Number of protein chains: 2
Amino acid sequence: MTQVKIKHDCKLELNDVALRATPARIAVMKFLENTTTPVDVQMIKNYLDKQNVSSDAATVFRIMNIFTEKGITRQISFNEGKFRYELASREDHHHLICKNCGKVEDFSYCAIPALEKDIQKKKGFLVTSHALEFYGLCESCKDRQN
Amino acid sequence: MTQVKIKHDCKLELNDVALRATPARIAVMKFLENTTTPVDVQMIKNYLDKQNVSSDAATVFRIMNIFTEKGITRQISFNEGKFRYELASREDHHHLICKNCGKVEDFSYCAIPALEKDIQKKKGFLVTSHALEFYGLCESCKDRQN
DNA sequence: ATAGCATATGCAATAGATTTGCAAGTAGTA
DNA sequence: TACTACTTGCAAATCTATTGCATATGCTAT
């Protein structure tokens, strides 16, 4: 009797980096694949709860730490006193963060890689990653003079 | 009899933004003026202790919050799970943060203002501030293959 | 399909960063 | 110099993140 099983999405990706494909990890990956803005641990936990995936904040922290170690995710800061995460595969974009409504837009910009080479040559500093975020007011908040 | 009093450095700067020039606030400003790398609350507290300026961590947090609100300092994150601060007057520079030894170098780069104008035109997003940090290995850590 | 084992998770406790309430102290003004 | 509003110190509370340990489970080799 064929039972509908958990689809093997993400399973191979996880196994590739020597991680077991647990329900929580799979759900977290799906969440990350379907969100356009970086999310924090609380948001991830809320999603898991809604999906009826048993979890615990400590587990989510552990998952995000190991995903980041394995290079699946990237840890970023919007200066909120906590971390956010996004898939590391989303390369070459930066964030426009509205300080009024909190909306986050992506912004592509390709001058950074060239700059990194320059830094390496001039300063001898080997850049392995970078963070570039712009803070301000999005179009609608700006227009409302809010 | 003329007594040596606390020099009025910083006093006017503080009063200008409607803040009282207290010993702790003055000492914090002096510390910030004399450090080249962004400092965290614990470092500030240590400095105040060494200077025999009575203080408390809660007070330092309050000082840094109000300094940041008033635009005296800038709050930045090196993804350490805590904030660092630097004088907002130190414009147009970014940081090269060594992940091995923790050394922080400044790096000047002036393409960002132009980019901000571009963002405003293309996205309608009004940029009021930004964060750009590079992580990697400084020259000596890199050479030691550490 | 299943046993065995290393890895993951849940839960509770802990650590560290930051905030807050409140009473007491103090800078700036008249 | 006295007054008042702003600041501070202290303790307690929050919040983010980490850790220890016993239990549960994914994965590999039968």
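Of the atoms of DNA strand D within 4 Å of the protein, what share belongs to sugar or phosphate? I looked this up and got 62%, with the rest belonging to bases.

**Ground rules.** I am working on a predicted model, where local features need pLDDT of at least 70, side-chain atom pairs count only at pLDDT 80 or more, and totals for chains, interfaces and linings use all residues. Residues are numbered from 1 along each chain as its sequence is written, chains are lettered from A and ligands numbered from 1 in the order written, and side-chain values use heavy atoms, leaving out hydrogens and water.

**DNA strand D.** I took a residue as near if one of its heavy atoms lies within 4 Å of the strand. I found 25 residues around DNA strand D; Asn65(A), Thr22(B), Arg25(B), Ser54(B) and Thr59(B) come nearest. By class I noted ten nonpolar, seven polar and eight charged residues. Here Ala, Val, Leu, Ile, Met, Phe, Trp, Tyr, Cys and Pro count as nonpolar, Asp, Glu, Lys and Arg as charged, and the others, Gly among them, as polar.

Next I checked polar contacts (N or O pairs within 3.5 Å; within protein, one atom must be able to donate a hydrogen and the other to accept it, and residues adjacent in sequence count only if both atoms are side-chain atoms). A polar side-chain atom of Asn65(A) sits 2.9 Å from a phosphate oxygen of DNA strand D. Asp56(B) uses a polar backbone atom, 3.3 Å from a phosphate oxygen of DNA strand D.

**Chain A against chain B.** I counted contact as heavy atoms within 4.5 Å. Each side was listed: 37 residues from chain A and 37 residues from chain B. The two chains bury about 3,300 Å², 62% of it on carbon and sulfur atoms. Buried area is the accessible area (1.4 Å probe) lost on putting two parts together, summed over both. In chain A, Lys123(A), Phe125(A) and Phe134(A) lose the most area to chain B, together 20% of what that side buries.

I looked for salt bridges (Lys or Arg side-chain nitrogen within 4 Å of an Asp or Glu carboxyl oxygen). The count between the chains is zero. I did get 17 residue pairs in polar contact, both at pLDDT 80 or more.

**Strand 5.** I used DSSP runs, numbered from the N terminus: helices are H or I, at least four residues, and strands are E, at least two. Strand 5 of chain A joins strand 5 (residues 126-137) of chain B through eleven bridges, running antiparallel. Pairing requires at least two DSSP bridges. Leu132(A) stands opposite Leu132(B).
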